[in-house]
Amino acid sequence: MKKLLFLLLLVPVIAFTQPHSKTEISILFIGNSLTYYNDLPKLVAKEAKKKGIKIRTKTVAYPNYAIVDHWNGGTVQKLIASKAYKYVIIQQGPSSQNEGRQMLIEAGKKYRQLCHKNGATLCYFMVWPSLTYYATFDGVIKNYTDAARLNEAILLPVGKAWKNYFDTTNTFDYYGKDGFHPSLKGSKAAANSIVKHLFKENHAK
C-alpha cells in the first residue's frame, strides 16, 4: 500500500517536469560563402537561444560551392548518414537561371532521400542575387520555392525577407561592400528569418 501511494505521488511530478526538459537540436549547414560569411550558423544559434531553443551546428561550406559539388565530394553523405542531425540546411548561389534551378531540384532530391532515410529534415536556405543582377530576384525566389516544394522540404525564405525589406525601405544595407555578400545586419536578418521559419510549431515537433 505504501509503495502504491509513493508511485501515485511520483506521477504528477514526472508529468510536471517533462515539458520543461530542454533538448539540444542539431543542425547541419551545407553551402558556400553566403553561409559562412559573418558565421551565420552562430548567429542562428544566438537567435534561437533568445526563444529558449538550444541548438548545435556544424558547417560544411566552401567558396563558390553548389549543393552538387558538396554531394560529389562525399563528405556530406557521411555526416547525414551519421544520424546526428535533425535538420540539414542546404544553400548554393542565387540560381535564378535554369542550370541553377535544376541543381536545386535534382541534387536536392538526393539530399531529401538521404535525409529521409536517416531521420533528418531537409531545408532550403533561399539566398539573394547580387545588386548587379537585382532584376533576377523573382527568379531566385521562385526556384528556391519550387525546389523546396518539389522535394517536400522546409523553405527558409531569407531572400524573400530581404526583398521585402528593400522594397519597403529602399535601403540596401543588408548587402556588404561587394554588393553580394551580406553585411552583419544582413546576416542577422537572415538568422532571424531562418529561426522564425525553422521553428514553427508544426516543424519543431
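Predicted model: local features only at pLDDT ≥ 70, side-chain atom pairs only at ≥ 80, totals over all residues.
## Helix H7 and what follows

Helices here are DSSP runs of H or I with at least four residues, numbered from the N terminus. Helix H7 covers residues 137–150, 14 residues in total.

Several residues of H7 are buried, including Phe-137, Val-140, Ile-141 and Tyr-144. Asn-143, Asp-146, Ala-147 and Ala-148 are buried in H7 as well. The cover over the buried residues of H7 includes helix H6 (98–117) and H8, along with strand S4 (121–125) and strand S5 (154–156). After H7 comes Glu-152, which has a positive phi near 50 degrees.

Most residues other than glycine have a negative phi.

Lys-83 is not a glycine, yet its phi is positive, near 60 degrees. You will find Lys-83 in the loop between helix H5 (75–81) and strand S3 (87–90). Is Lys-83 buried or exposed? Its relative accessible area is 55%, and because exposed means over 50%, Lys-83 counts as exposed.

Asn-170 also has a positive phi, of about 55 degrees, although it is not a glycine. Asn-170 sits in the loop between helix H8 (158–169) and helix H9 (184–198). With a relative accessibility of 61%, Asn-170 is exposed.

Technical notes. Residues numbered from 1 in each chain as written. Heavy atoms only, no water. Helix = DSSP H or I, 4+ residues; strand = E, 2+ residues; numbered from the N terminus. Buried < 20%, exposed > 50% of the residue type's maximum accessible area, 1.4 Å probe, protein only. Expected span 1.5 Å × (residues − 1). Contact = heavy atoms within 4.5 Å.
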